[in-house]
Structure formats: C-alpha cells, structure tokens
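Hi,

I am passing a structure on to you, as promised.

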Amino acid sequence: MNKKGRVILIGAEDEENLSIRYLAAALKENNHDVKIIPCSRNEDFPRVLKEFKDFNPHILGVSIAFQSLALMFFEIIRKIKDIKPEVHVTVGGHFPTFQYEKILVYEHINSVIRFEGEKPISMLVDALMNGDKLSDVPNLVYKVNSTGELIENQCIHEFPDLDTLSFPLRDKTPQMRLGENFATLVTSRGCFHSKCIYCCIGAFHLKKENKHAMRSPENVAQEIAELHNTNKVRLFQFHDDNFLLPSKKLSLERIESLKSALDKNINIDEIALLIKTRPESIDEEVAFVLKDIGTVGAFMGVENASESGLKSLARGSTIEDITNSMEILKKHEIAVTFNLLFFHPKASLCEINENIYFMKEHADHAFGFGRAEIVAGSPLDRLVRKKGLLRGEWPSYDYKIEDSSVEKMFRINALTFYKKNSPYPNISQEMIALYYRAEMIKRFYPGKKSQELSGNVNKLVIKFNEFVLENLLETYRLTGEMESDQELNNLYMNIEEICAHFTGEINDLSRKMGKFQMLQRKFKDIGISPKMVKRFF
C-alpha cells in the first residue's frame, strides 16, 4: 500500500511565497496532506508551534530563501524538534543549495533539497512514508542516521516543463494589497543575464544549458483568469527576475501573445500588473503594449547610476539604457521605481556622487538605496573572500569596502538610515507601494479624484526624496570629518523624527485612497455605471 504523508511547509511570507506554494501544489497533486505555515519573524513562533502541534505532520519542509533569516529558521526548527523529535526536517532554497554542508551540521536538520524542488520533495515524502531508499531522490543531500555521513544524490540540472506544473496552492481568501485583491505570479525561472555579482541566481542555474525558462503566455493567462474569475483578484505582481526578454522584438511578441490570451478569458481593463525589468528591454512599442495589458508599475533594475559601478556589479546595462527606459515608461504613465546599490567592494566617492546626482535628477520616482549584500553562491561572495574583505560570522557575513572613505560612509549610513529599528527602510518601501497605488487607482477609477490623489502622492514622493538626499549629503559630509557619536545620534534622531512625519502623511493618503476604492467598488456592485461615477469624482 502506498502511504501518504502529512507535510507542513514553512517559509517567510509577507506576500505569497511562491516557492513553497509550488511545492505544496506538487505534494497535493501527489495526494499528500499539506499545510503552509508562514513564518517571517520570531514573533510568529507561538502561532507556528501551535499549528504544528495541531497538524502533527510526518515531514517538515522549510524554505530558507533569505540568508538573513537563516538563524531564525534554525531556531524554529529546534523548537519543533523539541515537540516532535522524529519528524523529518528538510530545508531548501538558494541558501541551502550552496551551504548544505554547514547546514547539515545542525543535528535538527535531516536533509537538504537543492535546486528545483517540486519533484524531489514529492519523491522524498513518498520514500519516507513507504520505507523506500532516499538514494533515489534527486537533488537530495541527507545524513545517514548511524554515522552522520552525508550522502549527495544526483542533481537534475534542467528546468522542469513549467507549463506542466500545478499552479501554486493559494489560500481561499486572496491577499489584499494596495486596497485590491492581490496575487503574486512568476512567468519564468532563472535569468537570461545571470551575471550580476551580488546575485546567486546565475550560480543556482550555472550547470543548466539554458539559464532561463518560460511558461507559455497561454499558461500564464489561464492562471490570471482563474484568480480573477474565482477570487476577484485584480492586482497581479510578477516576481520574475525579468518579466521581459533581452530582445525587444521577443519581448514585444511575448506580451502581445499574453494580451491575446488574456482577452479570450477576461476583461483586461479589470486587472493591473506590477513587473520587474532590465532597462535595455524597454522601447516605445514594448511600453505601449505593457500599458495596454494593464501594467501600472515597473521596478527597474538600475542598481547603480555610474558606468564604473555598473561594470563592477556586472549589470550589463548602460546609463543611456537606464535614462531612456525611465523616460519612455514615464511617458506611458507606468510608475517606475528603482534601487541603487552604490555601496559595493569597489565603490568610490566619485561613483557615489554620480548616484546621488541621479537620485536628484529622478526625485519624482520612488526609490531606495543600500549596499550589495553577500549571498551564498554569488560572485560577490567569492570576490570578498579572495580579496580578504570578508568580515563577521556565518551565515550573517559582512565585508569591508576597499576605499576607506566609502567604507566610512557606509558605516555612517548603517548607524543612521539603516540603524537597527530605523524607520527609513520601511518608509521607503511604503513610498514605493504608495507610488504604485496612485497609478493603479488612475487605471481602475479614472477621473478627477484619482488624478488629485495621484498628484498628492507625487508631491509627497518628491518631498520625501528631498529629505533623503539632504540627509544622505550629511552622511557624505561626515565622511570627511572626525564625526562624533553625538553627531551620528543627532542625525539618526532627525531621520527618525522626519520619517514619523512622513508615516503620518502616507497613512493619511492611504486612508483616503482606501475610502475612494471602497466607494467605487460599492457603486459598481449596485450597478452604477462608470460614466455616472465619474460625475461624482
């Protein structure tokens, strides 16, 4: 008899975690009983442990996609093993794929699934439930109980046929984001560029002949239609590392095919899309069709606004690519946001000047800034080790920037903008969300009121960016001086105080937007036509 198992999957989930939801769908298709338990912070532990006890699984799978959360996941695994020592714990994700030897030193972890996990996790559960050999499970590394020896099984170095995978297992009630029913999707896996030094994706897919695989537009449209028609999802965020392709011609063909497939299943005017893209994938025709299929926001892979910085990060883009694509998308009323990694091992003050100038020139866009961080398997990991710049302890490594002035400026930023519990990182993300929301409202509820709300958001974004630039320049000034603890504390307190003010303004605008959206939906539900609604707003 083929026994079926009870499986719990744990992962960080502020939005839908598609990595574990694809695994859950594969397990369910194989008739296993599966439960997803989100765990994003230590405060979630009591709920996680209660749900674990209630479900009483045979197998626990933990997704450690974010290296920064590894210690948190190790701790929850330890607590779970205290409750049920015999439960088999397997972990997966980018971090375990490269660090499986160190991870399996932990006595509470039994195995690691490397690379893609849909087929391996189903085979692992089958084997554990029916006493079959674990040596037949691809991509698995496991410990022999009697000796602790690690056994590394053969790895599958090719993408699965993405169209044959079951759609991710979703909650019955959709998530709400920006005031609308919301879902995350991926239309591809891997990255056609796969060279950025701070990214582990290239290493993750290094042995694949093709480092990028795509779902068909028809398959993507089917998932969107199911979510829209069944759960009334209207806002879709694509988490592809690149929603578009390196060739503008191929990008155009793909999104035109997606539009045709969507038109057969839904009214495309009732959905909105958020995407990620590289700058060189954008031209006028591509932007026109992106807007036509409902794209309201694009996170642009800028990463650095200097030619030397782009080269050091191996981005493969040019400043001309970046500025042209931003202008084109802005012209088509697609909200462009970006992040600048102007702190990296080879960064110079000259580069930082260029990045600050870029931020000033594009202060009408919501953005963030920071440092290129070390992730396991990335070229950056190898670079800082080779140059002797690595600092800290596994798994939370730090590194020293070669230029001492830039290193000093980074440390000042770490004690001000990015000090523990600093409000800035959250505020910058909330500003990006608000920026997207304004464009989405204009699409769903066109009229004077949505234009007014959008104008207020744009003014707030500019005001916030001016505040960021002013204080960023202050950290730059302190870099050339013998700064005191008092000066740093004063700067941090100023950032904290002003961020609190911006939090109030963001919340106020969000409330106004929420009320506006709610009224619009009520008007629609009782059958008042959009033309009539426009007269009110």
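Below are my notes on a helix pair, the aromatic rings and one lysine.

First, the ground rules: this is a predicted model, with local features needing pLDDT of at least 70 and side-chain atom pairs counting only at pLDDT 80 or more, while totals for chains, interfaces and linings use all residues. Residues are numbered from 1 along each chain as its sequence is written, and side-chain values use heavy atoms, with hydrogens and water left out.

**The helix pair**

Two packed helices are described by the angle between their axes and the distance between the axes. Helix H9 (residues 284-292) and helix H11 (residues 319-331) have axes that come within 9 Å and cross at roughly 40°. That makes H9 oblique to H11 (under 35 degrees counts as roughly parallel, over 145 as roughly antiparallel, 65 to 115 as roughly perpendicular, and the rest as oblique). Helices here are DSSP runs of H or I with at least four residues, and strands are runs of E with at least two, numbered from the N terminus. The axes are lines fitted to C-alpha atoms, for helices over the stretch in contact, with angles from 0 to 180 degrees between N-to-C directions.

On the H9 side, Glu-284, Ala-287 and Leu-290 meet Ile-328, Leu-329 and Lys-331 of H11 (contact means heavy atoms within 4.5 Å). By class, this contact of H9 with H11 has 4 nonpolar, no polar and 2 charged residues (Ala, Val, Leu, Ile, Met, Phe, Trp, Tyr, Cys and Pro count as nonpolar, Asp, Glu, Lys and Arg as charged, and the others, Gly among them, as polar).

**The aromatic rings**

The whole structure holds 21 aromatic pairs (rings of Phe, Tyr and Trp, the last by its six-membered ring, with centres within 6.5 Å; planes under 30 degrees apart are stacked, over 60 edge-to-face, the rest tilted). One of them is Phe-342 with Phe-343, edge-to-face at 5.0 Å centre to centre and 65° between the planes. Phe-342 is buried at 0% relative accessibility, and Phe-343 is buried at 1% (buried is under 20% relative accessible area, exposed over 50%, partly exposed in between, with a 1.4 Å probe and protein chains only). Tyr-418 and Tyr-424 also pair edge-to-face, at 5.6 Å and 85°. Here Tyr-418 is partly exposed at 34%, whereas Tyr-424 is buried at 0%.

**The lysine**

Lys-84 sits in the loop between helix H3 (70-83) and strand S4 (88-92), and is buried at 10%. Leaving aside neighbours within four places in sequence, Lys-84 contacts Phe-52, Asn-56, Pro-57 and His-58.

Best wishes
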